[in-house]
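This briefing concerns the contact between two protein chains. Please view the structure below before reading the points that follow.

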Amino acid sequence: MSKNPQPLKEKHGAHPLDDLIRTDRIPHIWCSGCGIGTVFSSCLTAIKATGIPYNEFAMVSGIGCSGRAAGYIKLDSFHTTHGRAIPFASGIKMAKPDLNVIVFSGDGDLFAIGGNHFIHAARRNMDMTVICVNNLIYGMTGGQVAATTPSKAKTTTTPFGNPDAPFNLPLLAYAAGASYVARWTILHVRDLTNAINEALLKKGFSFIEVLAPCPINYGRRNKQKSLDTLKLYQEKTIIRNGADPARADIDFDRGVILGTFIDRERGTCDDLYEATCRRSED
Amino acid sequence: MKPAVRTGNHYITGDVACAEGAIAAGCRFFGAYPITPATEVAEHMAERLPDVGGTFIQMEDEIAAMASILGASWTGTKTMTATSGPGFSLMMENIGLGACTETPCVIVNVQRTGPSTGLPTQTGQGDMMQARWGSHGDYELIAIAPSSPQDCFYHTILAFNLSEKYRVPVLVMADEIVGHMSEKVVIPDAKEIALVSRPKPTGRKDRFRLYEPGPNGVAPMPAIGEGYNVHVTGLTHDERGYPVMTPEAQEQMMDRLKGKIRNNLDDIIHTEGYMMDDADIVIVSYGISARTGLTAVDEARKLGYKAGLFRLITVWPFPERMIHDIAARVKGLITVEINLGQVHYEVERCAHGQADTYLVGAAGGAIIHPDKVVSLIKEVFQP
């Protein structure tokens, strides 16, 4: 495939992203008010905007609500085991470095059960784009506490409030070695789409955290309706590109920093393997 | 690039022979995590793969190693990992993903003694049932047990060929002794090694169905980037590869996963007989313990017993019919294995009461001495 199919302009009702969607799998499973669909369409728009032929992409997801994205995108796509999207994707990337590999998954999948894989892929600067839909909760299993759930928040497994502190994901990604680190919310669709586009074109490990509401399993127990969450995204966020990721804790009382935290150059895992391990003929 | 097949006579360990067999079979991606006594497979692959256009990666744990070889396999690459007991346990969930998504790959388990950390540097064959049933749910896979470094070379090639042909994870169930012992290994000319590659789809891409079986029950497998837009999931799926959450879809999927193995047993099951023609006492064994059995047969013959050895090269799927038929014409079946009874119970099941069945087992840590087998023969049989 050298040229991507053109949008079906003449066909009434066709969506401009239809060529990237498995329309035969719609309707999707995501709830009303969920933020995943917005991140998903931003991702598709960003893929399209790269101009790269679709067959040069692969999307890998783990398990969870966000993990279902791989099932709706019309690319070579993989819905793997819980937490293991990144090492599965690493295998794809290292076996065929020409591919553009996207990991699309949730906070529970990527940072609790899959946390170890995340830091090691970042350390190696594995050339892939990791998009984390962070809804602060385990949505699919019915609202249990996550590694990203704010302190004191109520979940089904923290009925008295969360005693633990959440991860600061941009700081974690930066400290582990990521080349590109950004955070947006689903209210900042254009910024988000641009960020994903940048990340896709960036050589190295790119990480984008996207804050997204889960009105059913997080909002309901924490007195936050869908629109309340979006209002927080609008009023209690500060866009500050180049901000210190150490200040990126999610605290809506103090304000949550959005933007591109890190954009740096480092040798990638596949390039360094070529340069270090392939010897010329003895 | 250097030649992939190191034709010639070598004096190497079983672990190194596994690695050489893999490279000769066309393995070009290896993801692993160090563990005694399988580490040397990884070390040898790390050195050899870059020179033959392949890639080695040491992952952060065995879960990641197993995930990486599944991902890499979908690029159209032959892939392998190697581990031992604790790592094998960690790989189980993704071995199930490999079985469910019909992803070819080879897993070498150089067995040590368990449970838990057990005896890390000493032999055992206690992972045989885990090899069959370790991942949750029903599934079929293939497990092969080498008895020598030479076997390690050929059986790893066999493992790749079966894995590619049937799109299934194949386990090479070696053990510490076979892995660490050095013996003569003859590597033939590359042209004498028959290689199999996964079936590729033909025909229109828009009509392609990911799991539509071919003539032998195995669906052709495209690679990432070929434009088939595959969707691969560990959820129960239909022939398109799409999730379908119904008992009917589950039954259809399981029919395919089981059928492609169960309907091709003659091709998949490899066994070897020694002094079997007139034998009425048959030792059933595999891996390193088959060598115990071999000496035991010779010793028992010297004492006038009509002993024979039936060696399982393929342990899973189990040669049920063969064991059943042997049981019909002998007095007794003796299973020799370095565990407290795993394959033994399969032999008992398949003998179906036609012959007496005995176990010569051990808790692990050492090879079983042939005297133990001969003593049992003397105790329960007349010459």
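The points below describe the interface between chain A and chain B.

The model is a predicted one. In it, 45 residues of chain B are in contact with 40 residues of chain A. About 3,400 Å² is buried between the two chains.

**Buried area**
- Carbon and sulfur atoms give 53% of the area buried between chain B and chain A.
- On the chain B side, B:Glu60, B:Ile224 and B:Asn229 supply 19% of the area that this chain buries against chain A, more than any other three residues.

**Polar and charged interactions**
- Between chain B and chain A, 25 residue pairs are in polar contact, counting pairs with both residues at pLDDT 80 or more.
- The interface holds 1 salt bridge.
- This salt bridge links A:Arg124 with B:Glu60, and the closest N and O atoms are 3.0 Å apart.

**Make-up of the chain B side**
- Strand 3 (55-58), helix 3 (62-73), helix 4 (85-100) and strand 10 (231-233) of chain B are the elements that give two or more residues to the side touching chain A.
- Helix 3 of chain B provides the largest share of that side, 7 residues.
- By residue class, the side of chain B that touches chain A comprises 22 nonpolar, 15 polar and 8 charged residues.

**Strand pairing between the chains**
- Strand 2 (residues 76-79) of chain A runs parallel to strand 10 of chain B, and 3 bridges join these strands.
- A:His79 has B:Thr233, in strand 10 of chain B, as its bridge partner.

Terms used. Residues numbered from 1 in each chain as written. Chains lettered and ligands numbered in written order. Predicted model: local features only at pLDDT ≥ 70, side-chain atom pairs only at ≥ 80, totals over all residues. Heavy atoms only, no water. Contact = heavy atoms within 4.5 Å. Buried area = accessible area lost by both parts, 1.4 Å probe. Salt bridge = Lys/Arg side-chain N within 4 Å of Asp/Glu carboxyl O. Polar contact = N/O pair within 3.5 Å; in protein donor to acceptor, adjacent residues only side chain to side chain. Helix = DSSP H or I, 4+ residues; strand = E, 2+ residues; numbered from the N terminus. Nonpolar A, V, L, I, M, F, W, Y, C, P; charged D, E, K, R; others polar. Pairing = 2+ DSSP bridges.
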